[in-house]
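Please keep the viewer open as you read.

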Amino acid sequence: MPKQQRAIRVEQKSQLAAMQQLESRSDEELLAETRFKAAAQAILGARAAERYDAKAARAHFQKALAASRPQERLQLRRMADASIALAERRADDLKAATAKLGVEAPTTRQLRGLKLMGLVAPPKTAGTLARVRGVVMIIAIVIAVFAIGFGIVELIFLAPGEPSTGVKIFWDFVVVAIALGVLAWLGRRRQKAALAKRSEMMAARRG
């Protein structure tokens, strides 16, 4: 094998290994990275996508592509497609992009959740109609949650007698707050587990 070809293969391998090593660094450290700039920017783009910041994710991946070598760009483009699809809540595109990337696609439940999020909280690039629809859906969900909470409070106080309206409203807020807190905790826990699993699969893919 020619020396030049061997050198290119070693260089490619070091770039892929660097991305795995850089994942433990903070955003500030990645921004200051100069030796493996493409890898650092790709990680920053993936992190921005996890925060559903499509604009920042796209900017980081553009910098990663500009700093990368030709043999690395196909994989970076696939990573960018998957990350931006996640940031923009495009569930079908995310599924297709992860398949091209060679990692396990999100589960059906995760894709449904992403679709719902896309309806309730559409990305900034969405039109005015989509944003208005999202606001209306949020208001409807809040009203439905409070109605369910009020119904539960009515059932709780059915036996002791008829309390005042103020007491009912107070306990309605308490029930709703507890329910929302539990749902938020479970959702965050599942999201962290899913992101950790995806990071492991991507690291294994690069290795």
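Which side chain meets Arg58 in a salt bridge? The side chain of Glu88 does, at 2.8 Å from N to O. A salt bridge here is a side-chain nitrogen of Lys or Arg within 4 Å of a carboxyl oxygen of Asp or Glu. Glu88 sits in the loop between α5 (73-87) and α6 (91-101), while Arg58 belongs to helix α4 (residues 54-67), so this pair ties together parts that are 30 residues apart in sequence. Helices (H or I, at least four residues) and strands (E, at least two) are DSSP runs, numbered from the N terminus.

Before going further, a word on the ground rules: this is a predicted model, in which local features need pLDDT of at least 70 and side-chain atom pairs count only at pLDDT 80 or more, while totals for chains, interfaces and linings use all residues. Residues are numbered from 1 along each chain as its sequence is written, and side-chain values use heavy atoms, with hydrogens and water left out.

Buried means under 20% relative accessible area, exposed over 50%, and partly exposed in between (1.4 Å probe, protein chains only). Glu88 also forms a salt bridge with Arg90, where the closest N and O atoms are 2.8 Å apart. Arg90 is partly exposed, with a relative accessible area of 30%. Through shared partners, salt bridges join Arg58, Glu88, Arg90 and Asp93 into one network.

Now turn to Asp27, which forms a salt bridge with Arg47, their closest N and O atoms being 2.6 Å apart. This pair links distant parts of the chain, 20 residues apart: Asp27 lies in helix α2 (residues 27-31) and Arg47 in helix α3 (residues 37-50). Asp27 is partly exposed at 27% relative accessibility, but Arg47 is buried at 18%. The count for the model comes to 7 salt bridges.

Next, look inside. The largest nonpolar core has 25 residues, and those with the most contacts inside it are Met19, Leu22, Leu30, Ala42, Leu76, Met79 and Leu94. Such a core is a set of buried Ala, Val, Leu, Ile, Met, Phe, Trp, Tyr and Cys residues joined through side-chain atoms within 4.5 Å. At least two residues of this core come from each of α1 (3-22), α3, α4, α5, α6 and α7 (108-120), and α5 gives the most, with 6 residues. Leaving aside residues up to four places away in sequence, Ala42 touches Met19, Phe61, Ala64, Leu76 and Met79, where contact means heavy atoms within 4.5 Å. Another core, of 6 residues, lies apart from the largest one and includes Ala48, Ala54, Ala56 and Ala87.

Finally, check the backbone. Most residues other than glycine have a negative phi. Tyr52, in the loop between α3 and α4, has a positive phi near 60°; this residue is partly exposed, with a relative accessible area of 24%. Arg89 likewise has a positive phi, of about 60°. You will find Arg89 in the loop between α5 and α6, where this residue is buried at 15% relative accessible area.
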